[in-house]
Amino acid sequence: MSMDTTDRDDKRNDHRHHHRHLKPPSSKLLTLPTILTIARVAAVPILISTFYMDSRLGTTATTGIFIAAAVTDWLDGYLARRMNLGTAFGAFLDPVADKLMVAATLVLLCTRPPEAAMFGELPWLLTLPSIAIIGREITMSAVREWAASQGSKLSEAVAVNNLGKWKTATQMTALTILLLIRDNSFTEVGLLGATGVGFLYVSAGLAVWSLVVYMKKIWKVMLM
């Protein structure tokens, strides 16, 4: 037997040995990441309830719930990949939980913005980016559902990219700040409030930009 043949046999044996140790995707419906995702959905009505509490405790609770939701959004994805606990149900529910939390928070802030004078003088300040963000999410949900029914190439074209990740990061930062400054002690916007508004507009810009990028990718695939 030649040396080349021996090497090939060794590689095939190593390959089979590697696959024997790979864990198959979890068949359980409720894994830890999925439970965390369900908890985010359940937290939405609690967030709404605490938002309308006229006290510092209400503001603190609302902000805390939103921060916890943002952390678990990262954590459930990390655990699903790291511990191979991803499920089809979790993959479906995760973006739904994110959109529910973000949309609810944006609507709440538009109906009852922070007490700072700037928001009273410019009532559209939060409305414009909120419409852009929510509109983009609704559009992308419909586009991804359609792409999934058309084949793998279109599904790959609308897969989450780095632009979408930056959009999410700036969005979560903006909403955390805007929830925090609802405290009555913030009578003026100040640097913190201006930063929150700025991040929200950056997030809205990235949302629209990423939508355009996705649509261009889809158009290229359809023309191939």
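Me: Where does T59 lie, and how do you know that it belongs there?

Reply: T59 lies in helix 3, which covers residues 56-82; helices here are DSSP runs of H or I with at least four residues, strands are runs of E with at least two, and both are numbered from the N terminus. The model is a predicted one, in which local features need pLDDT of at least 70 and side-chain atom pairs count only at pLDDT 80 or more, while totals for chains, interfaces and linings use all residues. Residues are numbered from 1 along each chain as its sequence is written, and side-chain values use heavy atoms, with hydrogens and water left out.

Me: Which residues is T59 in contact with, leaving aside its neighbours within four places in sequence?

Reply: Contact means heavy atoms within 4.5 Å, and with those neighbours set aside T59 is in contact with L179, L180, R182 and D183.

Me: What makes helix 3 roughly parallel or roughly antiparallel to helix 8?

Reply: The axes of helix 3 and helix 8 come within 9 Å and cross at roughly 165°; axes are lines fitted to C-alpha atoms, for helices over the stretch in contact, and angles run from 0 to 180 degrees between N-to-C directions. Angles under 35 degrees count as roughly parallel, over 145 as roughly antiparallel, 65 to 115 as roughly perpendicular and the rest as oblique, so helix 3 is roughly antiparallel to helix 8.

Me: How do you know how helix 2 and helix 4 are oriented?

Reply: Helix 2 and helix 4 pack at an angle of about 15°, with their axes 8 Å apart, and that angle makes helix 2 roughly parallel to helix 4. Among the residues that make this contact are R40, V41 and V44 of helix 2 and L93, D94 and D98 of helix 4. The residues of the contact divide into 15 nonpolar, four polar and three charged.

Me: What is the angle between helix 3 and helix 4, and which residues make the contact?

Reply: Helix 3 and helix 4 pack at about 160°, with their axes 11 Å apart, which makes helix 3 roughly antiparallel to helix 4. The contact is made by F66, A69, D73 and D76 of helix 3 and D94, D98, M101 and T105 of helix 4. By class, there are three nonpolar, one polar and four charged residues in this contact.

Me: What makes D73 and R40 a salt bridge?

Reply: A salt bridge is a side-chain nitrogen of Lys or Arg within 4 Å of a carboxyl oxygen of Asp or Glu, and the closest N and O atoms of D73 and R40 are 3.6 Å apart. D73 lies in helix 3 and R40 in helix 2, so the pair ties together parts that are 33 residues apart in sequence. Both ends count as buried, D73 at 17% relative accessibility and R40 with a relative accessible area of 3%.

Me: Which other pair involves R40, and where do its members lie?

Reply: The side chains of R40 and D98 also meet in a salt bridge, at 2.7 Å from N to O. R40 lies in helix 2 and D98 in helix 4, so this pair ties together parts that are 58 residues apart in sequence. D98 is buried as well, with a relative accessible area of 18%.

Key:
Buried means under 20% relative accessible area, exposed over 50%, partly exposed in between (1.4 Å probe, protein chains only). Ala, Val, Leu, Ile, Met, Phe, Trp, Tyr, Cys and Pro count as nonpolar, Asp, Glu, Lys and Arg as charged, and the others, Gly among them, as polar.
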